[in-house]
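Work through the exercises below with the sequence and the model in view. Each task is followed by its solution.

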Amino acid sequence: MKYSAVIFDLDGTLLNTLEDLMNATNYALEQYGYPIRTIDEIRNFVGNGARKLIERALPDGIENPDLEEILSVFRSYYAAHCEDKTQAYNGIPDLLQALKAAGCKIAIVSNKPDNAVKELHQTHFRDFIQSAIGEKEGIQRKPAPDMVELALAELNANKKETVYIGDSDVDIHTAANAGLDCISVSWGFRDADFLRKCGASTIADTPQQVYDLILG
């Protein structure tokens, strides 16, 4: 086995969360009279946490005086509706089951709010994944390595035997900053051409390819 521990991104890697993120964003925008965003716009806005999502969705971004209130509405709405449409990508439950059977330690590291990460972990992956870490105060979000370092400690894993798996440029940079090998996946929120331009060295098009790369 090439890797004995695996750290997964969540959105766009394990779960298709895009529609719920769009609905929460648009609900918050509508409360303050701002134009709603399309699903393709939301696809390009996600990856750097809830605050950055709302900054990108709002006219005038960080300068908008309603930013904090809209972010609060988004967080509350999403906490209540983060499972309305969200589903695991095809093949992901089988992949996780196979990795667990092979003896892999598995964690999630996400820039999504920690409460939503833990709720989705419990709903979809509690039988397979030991650790789930989301955005919270006191720890820098990806692409800083801090969340990955915490996951490594919780898994009692070493970097040489750990691989990071994600669907975005943020994930590529996170793996590099943490000193981990990286597998990029093309079925999520960014396509293979974009990932290559961002420096992806290994791209998997299916969960089965991920399994084969991990098992070596």
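The model is predicted: local features need pLDDT of at least 70 and side-chain atom pairs 80 or more, while totals for chains, interfaces and linings use all residues. Residues are numbered from 1 along each chain as its sequence is written, and side-chain values use heavy atoms, without hydrogens and water.

**Exercise 1.** Determine which backbone oxygens the side chain of arginine 190 reaches.

Solution. Start with the position: Arg190 is in the loop between strand E7 (181-185) and helix H9 (192-197), helices (H or I, at least four residues) and strands (E, at least two) being DSSP runs numbered from the N terminus. Next, check the charge: Arg190 is buried without a salt bridge, and Asp169, the nearest side chain of opposite charge, is 4.2 Å away. Buried means under 20% relative accessible area with a 1.4 Å probe, protein chains only; a salt bridge needs a Lys or Arg side-chain nitrogen within 4 Å of an Asp or Glu carboxyl oxygen. Finally, the backbone oxygens: that of Arg43 is at 2.5 Å and that of Val46 at 3.1 Å.

**Exercise 2.** Compare the span of H1 with the expected one.

Solution. H1 has 14 residues. The expected span is 1.5 Å times one less than the number of residues. The C-alpha span from first to last is 20 Å, close to the expected 20 Å. After H1 comes Gly33, with a positive phi near 80°.

**Exercise 3.** Find the largest contributor to the largest nonpolar core.

Solution. This core has 51 residues, Phe8 and Ile165 being among those with the most contacts inside it. Helix H1 (residues 18-31) gives the largest share, 6 residues.

Methods: A nonpolar core is a set of buried Ala, Val, Leu, Ile, Met, Phe, Trp, Tyr and Cys residues joined through side-chain atoms within 4.5 Å. Buried means under 20% relative accessible area, exposed over 50%, partly exposed in between (1.4 Å probe, protein chains only). Lys and Arg count as positive and Asp and Glu as negative; His and the chain ends are not counted. A polar contact is a pair of N or O atoms within 3.5 Å; within protein, one must be able to donate a hydrogen and the other to accept it, and residues adjacent in sequence count only if both atoms are side-chain atoms.
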